Amino acid sequence: MKFTISEDIVLNYPELRIAVLIAQGVDNRTTNDLLENFKLKKLKEFLTKHNLEDIKNHPYIKLWREIYRGFGTNPKKKKPTAEAFLTRVMKTRRLPTINPVVDLYLLAELEYLLPIGGYDLDKIDGDISLRYSKGKEKFVPLGSNKAEETHHGEIVYADKSKILTRRWNYKDSDITKITPDSTNIILMSEAPTAEIPTQTLESLLSTLKDYIGQFCKGKIKTAIVDSTPEIELF
């Protein structure tokens, strides 16, 4: 499987780096008190360290608002994914329970304040690409079975036959979502400018690898993709 970044995105975001984790043979069904206690510990650390004003004004959050504006999305109406999640956790003082892999990457979002998304690799058709949408491409959003259409010029992840994520990282597809039955998964987190250091992405990947390795096992490998137009994932 290959991962490609379109030439126009490389041109417009020459400092882009994407942290990628691939885990094969994971156990995404087993949950236990150890995992639940770990989640509560990380939630407490987040709530102790941050407040709503801090989240609102954090440079990574502000950066993603500007990135959304840059491809024509109003971040007040379509809040960037990390900001939306972190704000919800801060207000509710609770973490969602979805499945172990998703729960664990959301814990990493709490720690790094960066967007993380992922797919079930067995539901991907061919290669994955990051590109601009031609517009009017069908997309089935997470939690729905009704298709909507993309806008011309928004940044999307796509495979050979479908859109995987709209507005760069705003919403993933329901078709390729990670479920308890998922055994092979890919996770990604983007740094579109140098304002997010490569060292931060490396630390995030190390954390994700530790979390998933501890609670979900599997064969895990990581990489940071820069502006190279195409790489072989596996």
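**Exercise 1: Leu113**

Find where Leu113 sits in this predicted model, and work out whether the residue is buried or exposed.

*Solution.* Start with the chain: Leu113 belongs to the loop that joins H6 and E3. Next, look at the backbone. The phi of Leu113 is near 55°, which is a positive value in a residue other than glycine. Last, check the accessibility. Leu113 has a relative accessible area of 3%, and buried means under 20%. So Leu113 counts as buried.

**Exercise 2: Lys136**

Now do it again for Lys136: which loop holds this residue, and is Lys136 buried or exposed?

*Solution.* Lys136 is found in the loop between strand E4 (128–132) and strand E5 (138–139). Its phi is positive, about 60°, although Lys136 is not a glycine. For the accessibility step, the cut-off for exposed is over 50%. Lys136 has 64% relative accessibility, so this residue is exposed.

**Exercise 3: The largest pocket**

Describe the largest pocket: how much space lies in it, and what lines it?

*Solution.* Begin with the volume: the largest pocket holds about 620 Å³ of space. There are 28 lining residues, and the closest to the pocket's centre are Thr81, Tyr105, Leu106, Leu142 and Asp172. Then go through the elements. Two helices, H5 (81–92) and H6 (100–112), each give at least two residues to the lining. Strands E3 (117–120), E9 (171–172) and E10 (184–191) also supply at least two each. Finally, sort the lining by residue type: 16 are nonpolar, five are polar and seven are charged.

Conventions
Residues numbered from 1 in each chain as written. Predicted model: local features only at pLDDT ≥ 70, side-chain atom pairs only at ≥ 80, totals over all residues. Heavy atoms only, no water. 1 Å grid on protein atoms, 1.4 Å probe; cavity = no way out; pocket = protein on both sides within 12 Å on 5 of 7 lines; lining within 4 Å. Points joined across faces, edges and corners; volume = space filled by probe spheres on them. Helix = DSSP H or I, 4+ residues; strand = E, 2+ residues; numbered from the N terminus. Nonpolar A, V, L, I, M, F, W, Y, C, P; charged D, E, K, R; others polar. Buried < 20%, exposed > 50% of the residue type's maximum accessible area, 1.4 Å probe, protein only.
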